[in-house]
Amino acid sequence: MIKYVLPVLVIGVLAGYINNQFGVSLLNIVFSEYIFTFSLFLLLFLMGLQFAADRQATAKMRMAGLKMLVFPFAVALGSILGGFVGGLILGIDVFASMGVCAGFGWYTLAGPLAGQLFGLKWGALGLAVNLLRELVTIATAWLAAKLDRYAPIAMGGATAMDTTLPIIVQYSGQDTLITAFSSGFILTAAAPFTITAIAALAH
């Protein structure tokens with residue numbers, strides 16, 4: 001699958017760049033506001049259909065109960081700790097660094113929110129860091145799954161519930177769908193509160 005994903009991703013980047021330089025700006029709005037949103041809803045519908053059709057998966061989800069919270073909690077802790085260590089190594093504001101990483105891959109939230117709470121440059125960094133997290137997950141999930149089948153879920157963070165979910169299921173196995181979706185969902189719900197809480201600690 002990766003042999004199709006990477007070329008499509010590169011073609012998409014090139015198409016967006018060319019359209020920005022020479023194309024019609026209205027196309028950007030059509031793609032970002034309508035086509036992308038529709039594609040995402042369609043993707044979630046299909047994954048939900050696949051999940052509901054798998055009786056073993058739903059049974060396992062009921063059996064797991066609150067244990068399902070452990071994985072996203074570990075991912076959140078690892079992401080924030082990574083921001084702390086990265087901030088120390090680079091000699092930058094460790095609270096802002098942790099706040100940026102607390103976006104958990106949700107770049108459309110982390111960028112604006114980090115910019116509002118920590119300053120404009122942190123908004124740009126929040127967007128870049130979390131977008132890069134999603135792209136790296138898409139590009140390297142096949143390799144990470146060979147090391148540990150749950151590694152792509154941790155890498156995807158909040159995106160494990162939508163954009164990186166098909167890639168994760170492809171390489172980590174169908175039975176990781178529930179863990180990936182629930183982890184991504186919980187991290188998505190936690191991201192705005194976590195970033196805000198870290199910002200409150202910084203001030």
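Leu109, Ala110, Leu113, Leu117 and Phe118 of helix α6 meet Ala191, Pro192, Ile195, Thr196, Ile198, Ala199 and Ala202 of helix α10, where contact means heavy atoms within 4.5 Å. This is a predicted model, in which local features need pLDDT of at least 70 and side-chain atom pairs count only at pLDDT 80 or more, while totals for chains, interfaces and linings use all residues. Residues are numbered from 1 along each chain as its sequence is written, and side-chain values use heavy atoms, with hydrogens and water left out. Welcome to the structure; here is a tour by topic.

**The chain as a whole**

- The protein chain has 10 helices and 0 strands; helices (H or I, at least four residues) and strands (E, at least two) are DSSP runs, numbered from the N terminus.
- Along the sequence, the pattern reads α-α-α-α-α-α-α-α-α-α.
- Of the 203 residues in the protein chain, 35% are buried; buried means under 20% relative accessible area, exposed over 50%, and partly exposed in between (1.4 Å probe, protein chains only).
- Among contacts in the protein chain with a separation of 6 or more, 67% join residues 24 or more positions apart.

**Helices α6 and α10**

- Two packed helices are described by the angle between their axes and the distance between the axes.
- The axes of α6 and α10 cross at roughly 20° and come within 10 Å; axes are lines fitted to C-alpha atoms, for helices over the stretch in contact, and angles run from 0 to 180 degrees between N-to-C directions.
- That makes α6 roughly parallel to α10, since angles under 35 degrees count as roughly parallel, over 145 as roughly antiparallel, 65 to 115 as roughly perpendicular and the rest as oblique.
- The crossing of α6 with α10 is right-handed; a crossing has that name if the near helix is turned clockwise from the far one by less than a right angle, and is left-handed if anticlockwise.
- By class, the contact of α6 with α10 has 11 nonpolar residues, 1 polar residue and no charged residues; Ala, Val, Leu, Ile, Met, Phe, Trp, Tyr, Cys and Pro count as nonpolar, Asp, Glu, Lys and Arg as charged, and the others, Gly among them, as polar.
- Leucine 109 sits in α6, which spans residues 107-118, and counts as buried at 17% relative accessibility.
- Beyond its neighbours within four places in sequence, leucine 109 is in contact with Ala191, Pro192 and Ile195.
- From leucine 109 to proline 192 the C-alpha to C-alpha distance is 7.5 Å, although the two are 83 residues apart in sequence.

**Helices α7 and α9**

- Helix α7 (residues 120-147) packs with helix α9 (residues 165-172) at an angle of about 20°, their axes 9 Å apart.
- These two helices, α7 and α9, are therefore roughly parallel to each other, and their crossing is right-handed.
- From α7, Thr137, Ile138, Ala141, Trp142 and Ala145 make the contact, and from α9, Ile167, Tyr171 and Ser172.
- By class, the contact of α7 with α9 has 6 nonpolar, 2 polar and no charged residues.
- Buried residues of α9 include Leu165, Ile167, Ile168, Val169 and Ser172.

**Aromatic pairs**

- The structure holds 2 aromatic pairs; rings of Phe, Tyr and Trp (its six-membered ring) pair if their centres lie within 6.5 Å, and planes under 30 degrees apart count as stacked, over 60 as edge-to-face and the rest as tilted.
- Phenylalanine 71 and tyrosine 150 form a tilted pair, 6.1 Å centre to centre with 55° between the planes.
- Phenylalanine 71 lies in helix α4 (residues 70-90) and tyrosine 150 in the loop between α7 and α8 (151-156), so this pair ties together parts that are 79 residues apart in sequence.
- Phenylalanine 71 is partly exposed at 23% relative accessibility, and tyrosine 150 is partly exposed at 31%.
- Phenylalanine 181 and phenylalanine 185 form a stacked pair, 6.5 Å centre to centre with 15° between the planes.
- Both phenylalanine 181 and phenylalanine 185 lie in α10 (residues 177-202), 4 residues apart, about one turn of the helix.

**Serine 79 and phenylalanine 104**

- Serine 79 lies in α4 and counts as buried at 10% relative accessibility.
- Apart from its neighbours within four places in sequence, serine 79 is in contact with Cys101, Phe104 and Arg133.
- Phenylalanine 104 lies in the loop between α5 (94-101) and α6, and is buried with a relative accessible area of 0%.
- Most residues other than glycine have a negative phi.
- Phi of phenylalanine 104 is positive, near 55°.
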